[in-house]
Amino acid sequence: MALRIDDISLNTIIGNGTSITGNLKVNGFVRIDGDIKGDLETDGNIIVGEKARIKGNITANAIIVGGIILGDIYAKESVKILTDAAVVGDIISRKVQIDDLAIFHGHCIALKDDKKYETATETFLQAKAIKKKAALVNE
């Protein structure tokens, strides 16, 4: 996955040893080396370092995963899961690359064609919302 030239400067860094509970919405390029319990949303790219642990959903333009994510990933352009990384959750993106020895457990939608991508994403998200509501009714 290539990052664009204008994405070189980091806007937000969550360092090793940092722990955040709550949802985050940030602008631009983000690097995570700490722990987050909550959803993370950015209009830029995200790098999840090897020691990072995220329990929540992630929305970004593109994401490189080196740590552990327990949650869904929505990346408009691409997702790359590096060796020794783990993602337990669903992935929706136009391009997905999973290195050897990486762990991925979930559903994946990866379509380059814009129309097919939008249709598949919409259908999947609707089905997921219905399942979530049905689970709440059964509680």
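Predicted model: local features only at pLDDT ≥ 70, side-chain atom pairs only at ≥ 80, totals over all residues.

Trainee: What makes V88 count as partly exposed?
Mentor: Its relative accessible area is 37%. Buried means under 20%, and exposed means over 50%. The 37% of V88 falls in between, so V88 is partly exposed. V88 sits in strand β12, residues 86-88.

Trainee: Now the helix. How do you know that the span of α1 is close to the expected one?
Mentor: Helix α1 covers residues 114-137, which is 24 residues. From first C-alpha to last, α1 reaches 35 Å. At 1.5 Å a residue, 34 Å is expected. The two values are close.

Trainee: Which residues of α1 are buried?
Mentor: Y117, T121 and F124 are buried in α1. Their cover includes strands β11 (73-81), β13 (91-93) and β16 (108-110).

Trainee: What makes D113 and K115 a polar contact at the start of α1?
Mentor: A side-chain oxygen of D113 comes to within 3.2 Å of the backbone nitrogen of K115. The cut-off for such a pair is 3.5 Å. The D113 and K115 pair meets that distance limit.

Trainee: Why is S93 called buried?
Mentor: S93 has 0% relative accessibility. The limit for buried is under 20%, so S93 qualifies. S93 belongs to strand β13. Among the residues S93 touches are A75, V79, I109, L111 and Y117. A polar side-chain atom of S93 also lies 3.3 Å from the backbone oxygen of K95.

Trainee: How many salt bridges does the structure hold?
Mentor: Five. Side chains of opposite charge can pair when their charged atoms come close.

Trainee: Why is the contact of D33 and R31 called a salt bridge?
Mentor: The N to O distance between their side chains is 2.9 Å. The cut-off is 4 Å, so the pair of D33 and R31 counts.

Trainee: Are D33 and R31 buried or partly exposed?
Mentor: D33 is buried, at 17% relative accessible area. R31 is partly exposed, at 29%. The 20% limit separates the two labels.

Trainee: What makes R94 and D114 a salt bridge?
Mentor: Their side chains meet at 3.0 Å, N to O. That is within the 4 Å cut-off. This pair links distant parts of the chain, 20 residues apart: R94 is in the loop between β13 and β14 (96-98), and D114 is in helix α1.

Trainee: Which residues are linked in a network of salt bridges?
Mentor: D72, D90 and K128.

Methods
Residues numbered from 1 in each chain as written. Heavy atoms only, no water. Helix = DSSP H or I, 4+ residues; strand = E, 2+ residues; numbered from the N terminus. Buried < 20%, exposed > 50% of the residue type's maximum accessible area, 1.4 Å probe, protein only. Expected span 1.5 Å × (residues − 1). Contact = heavy atoms within 4.5 Å. Polar contact = N/O pair within 3.5 Å; in protein donor to acceptor, adjacent residues only side chain to side chain. Lists of a residue's contacts leave out its neighbours within four places in sequence.
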